[in-house]
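Okay, hi everyone, thanks for coming.

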Amino acid sequence: MAAKHAGEPASVRKWWQEPVIILAHQYDAVMSTEQSPAAIERLVRWKRSLGFEAEHLLLNHSMMEGSVGGDDAAAYLFKNRHGYRQDWLARYLPVAQQHGLRVIAYFNVHWFKTDTFPMDFYCLDSSGQPKVAYGSGYGVCPRGPFLEWAEELAEDLGRYPIAGVFLDGPGEDTCWCAACRRKFRARSGAELPASAAECPPELAAAFAAFPREEAVTFTRNFARGLRRHNPEAILYCNGIADGGDGWSMAATAEVTNFIGAEGGFIGYRPLAGNFPFEAGSAAKVLEARAQGRGRVIFSDCGFKKFDYHAHPKGEIARMYAGTIANGASPWFLVLRHAAKTGGIRAAVRFNRLIRQQRAALTDGESLAEAALLHSPVNLALAGKAEGGSGDDVARREAAAGCLAVPRHYREFKGLYAALARSGYPFDVLEEANLLAGALPRRIRLLILPGLGAVGDEVAGKLREFVRGGGRLLATFDSTLFDQAGRRRADYALADVFGASAEGEVLGPSSLDYLAATQTNELTRGASQPVLPCPEYWWRVRAAKSARALLWYHQKMPRRYAALTPVSKSPAALVNKFGKGLAVFIPSALGDHYLSYRFPDERLLVRNAARMLARAPVELSGGDEFVEAALRRGADGAVVLHLTNWASGERPATRAIPLGPLGVRLRLPRGFRPRSAELAMARRKVKLSVRNGWACFALPRLEEYEMVVITKDEG
Ligand SMILES: [Zn+2]
């Protein structure tokens with residue numbers, strides 16, 4: 001997405017509109033407040049020596065102390081009207097400033113000790129009992145007296161020349177405290193229901209929206225307090241990128257300067273078999289929601305749960321690569337006792353790279369020409385269909401009104417993985433971007449990953465896109481349901497797909513097949529004509545205008561039966577519509593690839609994307625291991641990010657070096673290259689330019705390389 005501030009000269013640009021390298025607040029297993037100026041200076045120098053330019057600074061250490069969890073509200077380390085332990089910030093801040101380290105105060109606003117506030121500050125459950133958080137300590141309610149308390153504290157904190165505040169919280173839980181009951185009554189004219197189950201249908205929307213809308217009020221009020229004396233202070237919160245609906249990120253756009261998500265918090269379960277592209281996908285989703293704000297990907301060197309044990313180099317390099325290759329800034333948690341590990345040394349090297357290439361990374365607009373849709377609408381419906389009652393009957397009723405087999409998120413991840421592993425650059429967009437008419441002109445291909453539920457308005461935008469010459473790739477049940485998840489008579493885009501739905505969803509099955517019996521644009525390169533059929537699929541009737549590229553085999557009766565003949569039912573269609581073109585694959589191909597990783601399934605996805613829109617980057621010699629992102633910096637440079645995914649089992653100790661790689665990339669119109677540099681390897685590379693494409697050989701790719709092609713202004 002075009003950043004709101006793109007093209008502004010550096011003098012106008014704010015510091016947070018450039019890449020910022022942020023150190024997480026918890027670098028020591030035991031937090032301490034260094035008291036002597038010399039000790040503070042040593043600490044700050046250590047932070048700077050790792051290449052960090054900003055930090056989240058913890059200004060209350062009581063959370064880590066005592067037998068009860070949460071903060072002590074009188075233990076702050078800066079002067080304020082509510083209570084503090086010592087004015088340590090006044091000592092620390094001048095030293096940090098002297099060494100060029102920006103201080104962003106980390107501020108917990110959701111978890112406090114049980115005796116630190118009057119009872120009306122805490123979140124209550126519907127029986128009136130305070131809600132315990134993280135097993136010990138209470139949640140505080142951002143709608144009660146804590147709202148005003150926090151704004152006053154923010155005002156006092158804003159008297160210090162800090163760079164800004166990161167808010168951890170506010171809580172969006174439903175709460176039954178006196179303030180919540182009163183505010184709900186004032187908004188909706190009814191009593192706050194005791195639970196979602198007891199909520200009358202006419203109040204359901206208000207019941208769900210109330211806590212999160214009031215949490216946004218908290219963030220706004222906090223910003224107002226903070227900026228009363230420090231108008232330049234930035235503010236941001238933690239959020240959920242992919243898999244989340246982005247509601248709070250949109251609602252706080254006016255008062256926040258960054259949006260952030262935990263793309264590099266990995267290891268909650270053993271890593272083997274996990275989706276490895278988390279940092280990159282979070283950064284891509286955040287970019288779709290930024291509205292001119294900076295994006296921060298939170299990465300933790302610690303293996304989550306085993307928080308004090310750091311990941312190896314391969315994992316950490318890929319967190320950083322996914323972050324900067326998609327225009328986000330890193331927030332990184334360093335463990336001091338692990339500072340000499342390969343992983344943290346890799347982080348330090350990335351920090352240096354970001355500083356050296358700041359101009360090329362600033363305002364890095366993507367040059368991708370394809371976009372994968374991430375759909376909050378479908379995620380919400382899937383939650384209702386899958387997360388409802390545990391009772392069989394109720395679940396079937398819910399599912400009947402709410403998609404047949406919700407597969408959007410798995411399709412998204414599967415197609416994401418297939419495109420990333422094919423070196424095919426792409427962005428992520430959401431329905432909101434389409435509805436806002438914010439589709440960048442460079443986007444020639446839109447990909448709908450099992451986008452079952454699509455409202456009429458979004459369908460209309462997609463149809464116009466294709467009619468005007470755009471390309472569309474859609475999988476599984478895309479557009480068969482309206483935005484409430486109700487089945488339509490046919491696909492909303494049946495005319496665009498050149499296909500009509502027949503019957504009900506088929507599956508689950510893991511013994512059926514697709515027939516790649518004809519070599520065409522989609523099947524070229526397939527290793528064999530009999531390919532696994534995804535777990536779920538639909539039969540379709542082709543329109544006269546459509547051409548079949550792939551077929552289903554007739555259904556297998558059982559295992560160890562003779563292979564069934566090829567059916568007449570198409571499993572992929574290409575259709576001309578207006579000036580554009582659509583490929584429709586009515587099976588959950590991405591979902592299947594995510595589970596099984598059949599190389600031929602990746603090939604189908606790659607071929608489908610390529611036949612619809614030739615990628616602006618073409619790689620040879622990288623097999624299925626090199627991800628590519630192409631962007632443009634504020635200084636006009638074209639920047640190619642290459643990430644190497646070849647390695648053994650996860651956690652990946654490192655990438656297996658690849659090379660030489662042949663690289664071809666399409667230069668923006670009128671762009672004449674002056675020089676090209678391999679920024680990580682720190683050496684020049686010789687380009688040859690023909691017909692607007694630059695070609696070069698990359699001798700060796702370790703975990704990551706950034707190729708910076710500067711513009712000849714002469
Ligand atoms: Zn409350």
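Predicted model: local features only at pLDDT ≥ 70, side-chain atom pairs only at ≥ 80, totals over all residues.

Residues are numbered from 1 along each chain as its sequence is written.

Back to S7, which covers residues 234-239. Who sits beside it? Strand S6 (residues 164-168) runs parallel to S7, and four bridges join them. S7 is also joined to strand S8 (residues 258-264) by two bridges, again parallel. Pairing here takes at least two bridges found by DSSP between the strands. Over in S8, alanine 261 is the bridge partner of glycine 239.

So, is S7 mostly covered or uncovered? Mostly covered: five of its six residues are buried. Buried means 20 or more other C-beta atoms lie within 10 Å of the residue's own; exposed means 12 or fewer, partly exposed is in between, and the C-beta atoms are placed from the backbone.

Now the inside. The largest nonpolar core has 219 residues, and Val165, Leu446 and Phe497 are among those with the most contacts inside it. Helix H13 (residues 408-420) gives the most to this core, with eight residues. A nonpolar core, by the way, is a set of buried Ala, Val, Leu, Ile, Met, Phe, Trp, Tyr and Cys residues joined through C-beta atoms within 7 Å. In soluble globular proteins, nonpolar side chains tend to be buried together. Take valine 165: leaving out residues up to four places away in sequence, it touches Ile104, Ala105, Phe107, Leu157, Leu226, Ala233 and Leu235. Contact means that two C-beta atoms, placed from the backbone, lie within 7 Å.

For contrast, find isoleucine 656, in the loop between strand S27 (638-644) and strand S28 (661-666). Isoleucine 656 is partly exposed, with 15 other C-beta atoms within 10 Å. Apart from neighbours within four places in sequence, isoleucine 656 is in contact with Ala646 and Ser647.

There's also an open antiparallel sheet of six strands, in the order S13-S26-S27-S33-S29-S30. S13 pairs with S26 (residues 626-632) over two bridges, and serine 366 stands opposite arginine 631 in S26.

Last, let's zoom out. The chain has 18 helices and 33 strands. Its radius of gyration, taken over C-alpha atoms, is 27 Å, close to the 27 Å from the globule rule for 714 residues, so the chain is as compact as a globular protein of that length. That rule is 2.2 Å times the number of residues to the power 0.38. Of the 714 residues, 49% are buried. And the C-alpha trace spans about 80 × 65 × 45 Å along its principal axes.
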